[in-house]
Amino acid sequence: MRREARVDAVSTTLRTTSIDRMTQSDAEAIAGWRYEPPYDFYDANSDERDLAELLDAGLRGEKYFAAHDEHGDLIGFFAFTTHDGVVNVGVGLRPDLTGLGLGLPFLERGLDFARGRFAPSGFRLTVAEFNRRAIIVYERAGFVATRSFPHDTNGGTFQFVEMECSA
Ligand SMILES: CC(C)(COP(=O)(O)OP(=O)(O)OC[C@H]1O[C@@H](n2cnc3c(N)ncnc32)[C@H](O)[C@@H]1OP(=O)(O)O)[C@@H](O)C(=O)NCCC(=O)NCCS
């Protein structure tokens, strides 16, 4: 399918995306996703603890949600954890769907889902400072940077930005 046709098709689909608790088979599929550098930082196997949490139903708990299109194809995932009424958001589009402008509608679909499910007062997320692509999408969704801090992950120390948005 042409790139434009695929983007149109997925954009339409994003409005009817279903979001449900992540199953073991979703988790195993996501564990095999590989992003192009520098986003391979987000491959599940970049951090052993993250990979273990993803693949073990007990560790995964109630945090992870999978998004499927109308054909039942896995298109991305969300991680939601609530602290004092604020929902921490993690987001990941399937690698072949990134870089096409689909991140904003996908994120907005996830935030809508989280509003309905958790009735939060606000949203918070953290993002690696180098990930300008993600930060642009978060800003377009209404998130504002609140602080920057070093964080140990993926075998190194990286600068992260915390961002918040009202619900
Ligand atoms: C983060 C994510 C939701 C972003 O969605 P996306 O659809 O891929 O992003 P877009 O294609 O809309 O890109 C957003 C903007 O960043 C711009 N951009 C892309 N790469 C960039 C770079 N290296 N520097 C500056 N801007 C960049 C794009 O041009 C676009 O701006 P435009 O609409 O004005 O052209 C998606 O890539 C994703 O889920 N990735 C998985 C890995 C990841 O980064 N996770 C984030 C965890 S915090």
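**Core, ligand shell and hairpins**

User: Which members of the largest nonpolar core touch the most other members?

Analyst: Of its 33 residues, they are Phe65, Phe77, Phe78, Val89, Leu125 and Tyr138. Helix H2 (24–31), E2, E3, E4, H5, strand E5 (122–128) and H6 each give two or more residues to this core. The model is predicted: local features need pLDDT of at least 70, side-chain atom pairs count only at pLDDT 80 or more, and totals for chains, interfaces and linings use all residues. Residues are numbered from 1 along each chain as its sequence is written.

User: What makes a set of residues a nonpolar core?

Analyst: Its members are buried Ala, Val, Leu, Ile, Met, Phe, Trp, Tyr and Cys residues, joined through C-beta atoms within 7 Å. Buried means 20 or more other C-beta atoms within 10 Å, exposed 12 or fewer, and partly exposed in between, with C-beta atoms placed from the backbone. Nonpolar side chains tend to be buried together in soluble globular proteins.

User: Which residues is Leu125 in contact with, beyond four places in sequence?

Analyst: Asn88, Val89, Tyr138, Phe143 and Met163. Contact means that the C-beta atoms, placed from the backbone, lie within 7 Å.

User: Which residues are closest to the ligand?

Analyst: Leu93, Gly103, Arg132, Arg133 and Ala134, among the 21 residues that surround the ligand. Strand E4 (86–93), helix H5 (103–118) and helix H6 (132–140) each give two or more residues to this shell. H6 gives the most, with five.

User: Why is Glu70 called exposed?

Analyst: Glu70 has 11 C-beta neighbours inside 10 Å, so it falls in the exposed class. Its place is the loop between strand E2 (64–68) and strand E3 (74–83). Thr17 is 53 residues away from Glu70 in sequence, yet their C-alpha atoms are 6.6 Å apart.

User: How do you know that E2 and E3 pair?

Analyst: Two strands pair if DSSP finds at least two bridges between them. E2 and E3 have five, in the antiparallel sense. In one of these, Ala67 has Gly76 of E3 as its partner. The two strands form a hairpin with five residues between them, and Gly72 in the turn has a positive phi of about 85°. Strands (E, at least two residues) and helices (H or I, at least four) are DSSP runs, numbered from the N terminus.

User: What joins E3 to E4?

Analyst: Eight bridges, with the strands antiparallel. Ala79 has Gly90 of E4 as its bridge partner. Two residues lie between the strands in this hairpin, where Asp84 takes a positive phi near 50°.

User: What makes the phi of Asp84 worth a remark?

Analyst: The phi is positive, although Asp84 is not a glycine. Most residues other than glycine have a negative phi, and most peptide bonds are trans. With 7 other C-beta atoms within 10 Å, Asp84 is exposed.

User: Why is Asn154 called partly exposed?

Analyst: Because 17 other C-beta atoms lie within 10 Å of Asn154. Asn154 sits in the loop between strand E6 (144–153) and strand E7 (156–166). Its phi is also positive, near 50°.

User: Which residues does a cis peptide bond join?

Analyst: Pro37 and Pro38, with omega about 5°. Pro38 is in the loop between H2 and helix H3 (48–55).

Technical notes: Near = placed C-beta within 6 Å. Contact = placed C-beta atoms within 7 Å.
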